[in-house]
Amino acid sequence: MRRFDGKLALITAASRGIGFAIAERLVAEGARVVITARKEEPLRAAAARLGDAAEWVAGRADDPEHRAEVFSRIRERHAGLDLLVNNVGINPVYGPVLEVDPAAARKILEVNVVGALEWTRDAVAAGLAERQGSIVNVSSIAGTGPSPGIAFYGVSKAALINLTQQLASELAPAVRVNAVAPAIIKTDFAKALYDGREAEVAAQFPLGRLGVPADVAGPVAFLLSDDAAWITGRTIVIDGGGSLRPIG
Ligand SMILES: NC(=O)c1ccc[n+]([C@@H]2O[C@H](COP(=O)([O-])OP(=O)(O)OC[C@H]3O[C@@H](n4cnc5c(N)ncnc54)[C@H](OP(=O)(O)O)[C@@H]3O)[C@@H](O)[C@H]2O)c1
């Protein structure tokens, strides 16, 4: 018996990178998946790579009409939703937090935090609680402390860690809610942080390399599965040992 046989999972922002790796892992362990992203063609191609167990719906994660389309599809075609991965996250601005354009700050919170709340609300309405469901929010190491350069993104990811705790507390015992906080994972999203100097950046991590999407997919699958049946409200840091700091 595979861990996700008979389960339906919804993963936002999954046409590539971490979201796609999570979808691949869940399908390999028996799940059916619904994946989303904005651009239709890459999303369609990603679903084709995942095979018959995958469906896709294109749209912006912070667009209520897109969310409504996803959940009406789930209600039409499936008995209910078991697993939700709030993977979407944006970081359109760089620089000190005091210099962030307020409109950009609001957009980051809208997608990264309010979005996760809204997807969760709709997932609960789609039967997550009745089916003893599980949720994982994809936060970031940037949400666990100051993050120079990507400061307001860090604020949003810190909010997502706290939202994880609030939801875990409100939805227990029916639904478990956890998060992951990865450091640099080799995807398009993080490329600017290591492009052209990967060996130098990798040297900051005791495990001697940057992360890859599969390094996140494994812990996410664990948290979603019954192997984590007595874990809720927690955030697993996935950072190649990067937060190991000698004291003194
Ligand atoms: N890579 C890292 O180092 C790292 C570290 C910590 C946390 N994270 C988090 O991991 C998550 C995934 O990032 P990634 O590194 O896998 O990025 P990625 O490889 O660039 O993939 C991003 C995915 O999100 C989709 N997307 C982007 N904006 C969207 C929106 N507004 N609505 C719906 N879909 C959207 C993209 O497709 P379209 O462009 O077609 O929409 C794509 O499928 C994010 O929450 C990010 O904050 C990443």
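Student: What should I know before I start?
Tutor: Residues are numbered from 1 along each chain as its sequence is written, and side-chain values use heavy atoms, with hydrogens and water left out. The model is predicted: local features need pLDDT of at least 70, side-chain atom pairs count only at pLDDT 80 or more, and totals for chains, interfaces and linings use all residues.

Student: OK, the ligand. Which residues come nearest?
Tutor: Ser-15, Arg-38, Asn-87, Tyr-153 and Thr-187, out of 28 residues around the ligand. A residue is near a molecule or strand if one of its heavy atoms lies within 4 Å of it.

Student: How does that shell split by class?
Tutor: The shell has 14 nonpolar, eight polar and six charged residues. Ala, Val, Leu, Ile, Met, Phe, Trp, Tyr, Cys and Pro count as nonpolar, Asp, Glu, Lys and Arg as charged, and the others, Gly among them, as polar.

Student: Which helices each supply at least two residues of the shell?
Tutor: Helix H1 (17–28) and helix H5 (151–171). Helices (H or I, at least four residues) and strands (E, at least two) are DSSP runs, numbered from the N terminus.

Student: How far is Ser-15 from a ligand oxygen?
Tutor: An N or O atom in the Ser-15 side chain is 2.6 Å from an oxygen atom of the ligand. That is a polar contact: a pair of N or O atoms within 3.5 Å; within protein, one must be able to donate a hydrogen and the other to accept it, and residues adjacent in sequence count only if both atoms are side-chain atoms.

Student: And Lys-157?
Tutor: An N or O atom of its side chain is 2.9 Å from a ligand oxygen. For Ala-183, a polar backbone atom is 3.4 Å from a ligand oxygen.

Student: How much of the ligand does the protein bury?
Tutor: The protein buries 95% of the 890 Å² that the ligand exposes when taken alone. Accessible areas come from the Shrake-Rupley method with a 1.4 Å probe; for residues, only the protein chains shown count as cover.

Student: How many bridges join E1 to E2?
Tutor: Four, and the two strands run parallel. Two strands pair if DSSP finds at least two bridges between them. Ala-9 has Val-33 in E2 as its bridge partner. The chain crosses from E1 through H1 to E2 in a right-handed β-α-β crossover. Right-handed means that, with the strands pointing away from the viewer, the path from the first strand over the helix to the second runs clockwise.

Student: What about E1 and E4?
Tutor: Three bridges join E1 to strand E4 (residues 83–86), also in parallel. There, Ile-11 has Val-85 as its partner.

Student: Where is the cis peptide bond?
Tutor: Between Ala-172 and Pro-173, with omega about 0°. Pro-173 is in the loop between H5 and strand E6 (176–182).
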